[in-house]
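Have the coordinates open while reading.

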Amino acid sequence: MRCPGNRGHFAPVSRGGTLLRRPAVFLPADPPRHSTLTFWQPPHDPSAVDHPSDTPLTVVLPDDPTAPRQVEHHTVAARHLPLAEALPLLTRARTAADTHPATAFWGAATLLALQLAARGRLLPRLTPTDQDSWGVGPLGADDRGRLDELARSMPTHARAVPLEGQRGDGPPRLPDAGWLLSAFVDAVADGLPRTPAAGRAAGHPEFTSAPTRTVSRHRAWTQQVAHSRDSGVRLSLRVELDPAEQAVRVPLVPQVHSLDDPRLIADAADLWRHPPEGFGPAARTQTLLALRRAAAAWPPLEALLRRAVPDCLELEEPELAALLGEEVAARLRTAGVEVLWPRQFARGLTTRGVLAPEDDQEQPDGPRPFALGLDAVLRFRWRFALGGAELSPEELDRLAEAGRPLVRLRDEWVLVDPEALRRARQRVDQRLTLRDALGVALTGTLATEPGKNDDPSDQAPVPVTAQGWLEGLREQLADPEGGEPPPVPEELRATLRDYQRRGVGWLHRMTSWGLGACLADDMGLGKTVTLIALHLTRKAEGHTAPTLVVCPASLLGNWEREIARFAPGTPVRRFHQQARDLDGLGEGAFVLTTYGTLRVDRERLAATRWGMVVADEAQHAKNPRSATARALRALPTDARVALTGTPVENNLSELWALVDWATPGVWGSLAAFRARHADPVEAGDPEAAQRLARLTRPFVLRRRKSDPGVAPELPPKTLTDRAVSLTVEQTGLYEAVVRELMGRIQDSGGLARRGLVVKLLTALKQVCNHPAQYLAETEPVLEGRSGKLELLDELLDTLLAEEAGVLVFTQYVAMGRLLALHLGRRGIPVRFLHGSTPVAERDRMVREFQEHPEAGGAPPVFLLSLRAAGTGLNLTRASHVVHYDRWWNPAVEDQATDRAHRIGQQRPVQVHRLIAEGTVEDRIAELLRRKAELADSVLGAGDAALTELSDEELADLVRLGQEVPA
């Protein structure tokens with residue numbers, strides 16, 4: 001039974017109590033460590049509660065408890081968990097109150113599997129698809145007896161998911177209890193030896209890493225290591241071919257063994273006619289019982305039961321074709337039967353693709369390989385191979401026309417699925433646009449196999465190679481910082497660091513090719529001077545059309561100063577407020593405007609043909625349907641460059657929006673990008689993440705301050721979380737808010753519930769900041785009412801005594817005004833920059849703060865709104881940054897910190913994050929610490945993800961108390 005992947009971020013500690021009251025069923029997978037445990041709600045359960053992450057599941061249950069043979073299918077709500085995530089729940093399933101008997105069974109199985117592993121009962125093995133895995137073994141009689149006894153106690157609810165692929169004319173079949181339990185303990189064992197240290201200890205990643213690996217070359221080794229997996233009888237079917245008669249024989253091969261006296265019977269004929277001592281009647285009886293179970297899974301095996309000696313089965317071609325199929329193989333594996341194919345047989349049709357320009361389509365002259373346009377057509381050829389040998393079109397036709405699974409080819413007999421041949425024959429050479437071909441060449445795979453009559457399940461990625469100049473172009477794109485950068489322009493009055501020169505070279509190459517680019521260096525690494533150098537480089541080559549820079553209003557002054565500093569003499573003009581004149585622009589000029597001005601004056605800006613359009617802090621256009629994004633796309637230009645320190649703030653759709661603006665259409669539609677790349681990556685698929693990385697690398701250049709060779713002179717940055725207690729007033733308000741809004745949340749649903757969750761979280765953060773903010777007091781008394789404010793006073797007293805510059809960030813303008821009022825009452829000079837501050841006033845504030853105190857009384861404390869001042873500003877005078885409240889997206893918070901921790905900073909930077917202990921702030925901070933790796937890859941979703949929590953999870957998150965989940 002297939003189940004959807006778990007796409008949420010499951011928290012076992014908070015959900016466990018509810019899930020343990022549901023029955024659980026185990027769904028095996030290949031490899032075993034990817035198996036799933038599914039908790040489902042019994043039908044007609046009055047206590048059942050649906051959760052947003054529940055999905056439908058089909059189960060089979062007795063219709064009448066007094067008549068267990070009468071069963072019915074039921075569609076129930078279910079929660080699918082990866083086995084590794086479910087194990088912590090199962091280890092306490094036997095002792096937790098109200099645990100369902102089916103779940104308690106899997107809890108007992110978990111403890112048994114862990115005990116076997118702790119005793120070293122682990123053996124390496126290969127899955128049916130040649131993936132590396134581990135299983136329990138070797139097992140003695142006592143261990144086998146414990147497994148058999150536990151299997152006999154398996155409740156119906158623990159194996160209620162029917163097997164796939166059965167015929168519709170018979171009753172539904174459930175997995176054999178013994179087989180299912182064996183698959184479960186193997187799955188537990190398969191996940192245990194896979195830790196970060198295991199690969200280092202073994203010296204190789206095989207059998208030690210979580211990602212799947214094909215290791216067919218180790219099959220003989222695993223068979224040698226595993227003398228026996230368990231005691232008893234296991235069956236194999238060995239396919240043999242008589243070349244002269246073209247007959248297919250399938251001998252039955254029982255494996256009869258025990259730990260005390262391991263022996264292998266070569267085939268059933270030997271077991272019946274020449275049984276070894278001690279293996280006579282009992283072994284034959286066990287073989288017949290195992291064969292009867294196998295025949296229930298595949299009826300052709302019943303012919304063996306009617307024979308005096310069940311030694312060999314002769315198959316007709318339809319039966320052989322069925323045996324080739326995955327459906328029959330899966331059913332036989334479920335029944336404990338392995339199908340052995342001869343190694344000398346070529347079987348399994350493989351597919352690959354070849355991308356090449358048309359024969360008469362030579363590489364374009366000049367430095368623009370994309371001069372053909374992204375809609376230029378390239379040829380895509382299909383190639384097919386059987387047994388490692390590539391098939392000619394004539395051979396493929398001959399095999400397909402035979403319509404048989406057993407065919408003579410090149411003086412050898414080959415086994416091949418006729419349906420696979422039919423689909424392959426329908427694939428014809430096709431054409432791809434350069435836009436589509438580029439993505440295929442970069443990832444090395446084609447996401448789907450196009451064909452008019454394709455089976456929907458035939459959608460596995462196909463390996464693809466590029467040829468001709470397209471392969472050369474792929475190699476250059478795959479190494480963004482390779483190649484010699486262009487000479488530094490004579491007009492540039494700056495010494496570029498090595499990584500900045502490489503960045504200029506990459507931007508120059510991309511824009512010269514007619515492609516856009518996204519420079520996503522960390523804040524403070526000099527994206528502005530890099531872009532100015534690119535502008536001057538293009539100007540020296542004859543690109544004299546003006547460059548338009550679109551940025552937030554707070555950065556207009558910074559751009560103007562940086563251009564005057566690094567490119568003196570270059571014309572600069574603001575297109576903003578009342579000064580909106582584009583007449584008489586000089587050659588190679590810069591025009592600076594804001595996103596707001598672009599939206600309201602889109603037509604005038606679109607009437608000029610720009611040499612280059614630069615979107616600074618390009619995350620402002622992360623929503624492709626927004627008016628800002630539409631206005632940016634309407635600007636005519638030869639080159640587009642996006643500048644941002646956070647290419648992804650919430651999800652990968654934002655990354656698509658930036659790249660699609662810079663090079664329209666290069667990644668296809670947003671829906672296709674999400675289906676092929678974003679959804680699998682966000683669901684945790686490591687292979688999909690690698691494919692997306694290969695696709696992203698040519699278009700997004702990302703350098704971090706921590707990268708080797710990047711800004712080694714940058715001083716260190718230290719993060720300190722400062723916990724503070726709530727006052728009595730804050731505690732009372734906090735508990736009142738939780739009581740009031742949690743009751744309303746539990747009685748609501750849909751959009752209304754999400755709105756209430758956001759309201760709850762916002763209210764609690766405001767209470768943690770200061771009661772006066774939550775109560776919206778107009779003439780507040782501030783002293784003595786907030787633990788955070790008291791801690792801020794203590795910090796500032798210490799820091800100002802050291803004559804340090806301090807930045808204080810808050811996400812709330814109202815709280816910023818309260819802080820400004822409080823500090824003013826204390827006689828501390830302060831400036832407050834927020835979204836409504838006029839541009840001229842912002843520039844003045846920044847200049848004042850950056851001045852030395854002795855030069856004119858510059859304020860030592862700069863109070864800033866996180867969103868309005870979290871990007872673009874250079875405030876290196878500050879050596880301390882205080883986050884008065886947390887923005888629950890680490891990328892946004894880091895941007896704000898980088899106002900001080902950037903090129904030009906000479907002193908270590910200390911970051912202080914104020915956190916109300918025992919509150920929702922404390923718990924969110926712990927979640928962010930535990931998910932540091934995810935936050936670093938900028939896939940966190942901030943408050944939005946919290947709206948999807950269940951009532952129990954939300955209550956656990958906002959409860960007031962000192963204990964924080966570990």
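In which loop is Pro31 found? Pro31 is in the loop between strand S1 (24-27) and strand S2 (36-40). Strands here are DSSP E runs of at least two residues, helices are H or I runs of at least four, and both are numbered from the N terminus. The peptide bond from Asp30 to Pro31 is cis, with omega near 5°.

The model is predicted: local features need pLDDT of at least 70, side-chain atom pairs count only at pLDDT 80 or more, and totals for chains, interfaces and linings use all residues. Residues are numbered from 1 along each chain as its sequence is written, and side-chain values use heavy atoms, with hydrogens and water left out.

**Helix pairs**

Two packed helices are described by the angle between their axes and the distance between the axes. Axes are lines fitted to C-alpha atoms, for helices over the stretch in contact, and angles run from 0 to 180 degrees between N-to-C directions.

| Pair | Angle | Axis distance |
|---|---|---|
| H3 (residues 101-118) and H4 (residues 141-152) | about 170° | 11 Å |
| H4 and H5 (residues 177-191) | roughly 120° | within 9 Å |
| H23 (residues 652-662) and H24 (residues 670-682) | about 140° | 9 Å |

Start with H3 and H4, at about 170°. That angle makes H3 roughly antiparallel to H4. The cut-offs are under 35 degrees for roughly parallel, over 145 for roughly antiparallel, 65 to 115 for roughly perpendicular, and oblique for the rest. H3 brings Phe105, Ala108, Ala109, Leu112, Gln115 and Leu116 to the contact, and H4 brings Asp143, Arg146, Leu147 and Leu150. Contact means heavy atoms within 4.5 Å. By class, the H3 and H4 contact has seven nonpolar, one polar and two charged residues. Ala, Val, Leu, Ile, Met, Phe, Trp, Tyr, Cys and Pro count as nonpolar, Asp, Glu, Lys and Arg as charged, and the others, Gly among them, as polar.

H4 also packs on H5, with axes crossing at roughly 120°. H4 and H5 are therefore oblique to each other. H4 passes H5 in a right-handed crossing: the near helix is turned clockwise from the far one by less than a right angle. Leu147, Leu150 and Ala151 of H4 meet Ala177, Gly178, Leu181 and Val185 of H5. That contact holds six nonpolar, one polar and no charged residues.

H23 and H24 are oblique as well. Their crossing is right-handed. Leu652, Ser653 and Trp656 of H23 touch Leu670, Phe673, Arg674, Ala678, Val681 and Glu682 of H24. The classes are six nonpolar, one polar and two charged.

**Cavities**

A cavity is a set of points on a 1 Å grid over the protein atoms alone where a 1.4 Å probe fits but cannot get out; lining residues have an atom within 4 Å of a point. There are seven cavities of 30 Å³ or more. The largest cavity holds about 70 Å³ of space. Its lining is Tyr595, Ala615, Ala618, Ala621, Ala629, Leu632, Arg633, Ala657, Leu658 and Trp661. Nine of these are nonpolar, none is polar and one is charged. Helix H22 (627-633) and H23 each supply at least two of the lining residues.

Glu617 is in the loop between strand S25 (612-616) and H22. Glu617 has phi near 50°, a positive value in a residue other than glycine.

Notes. On a 1 Å grid over the protein atoms alone, a cavity is a set of points where a 1.4 Å probe fits but cannot get out, and a pocket is an open set with protein on both sides within 12 Å along at least five of seven lines; lining residues have an atom within 4 Å of a point. Grid points are joined across faces, edges and corners, and a volume is the space filled by probe spheres set on the points.
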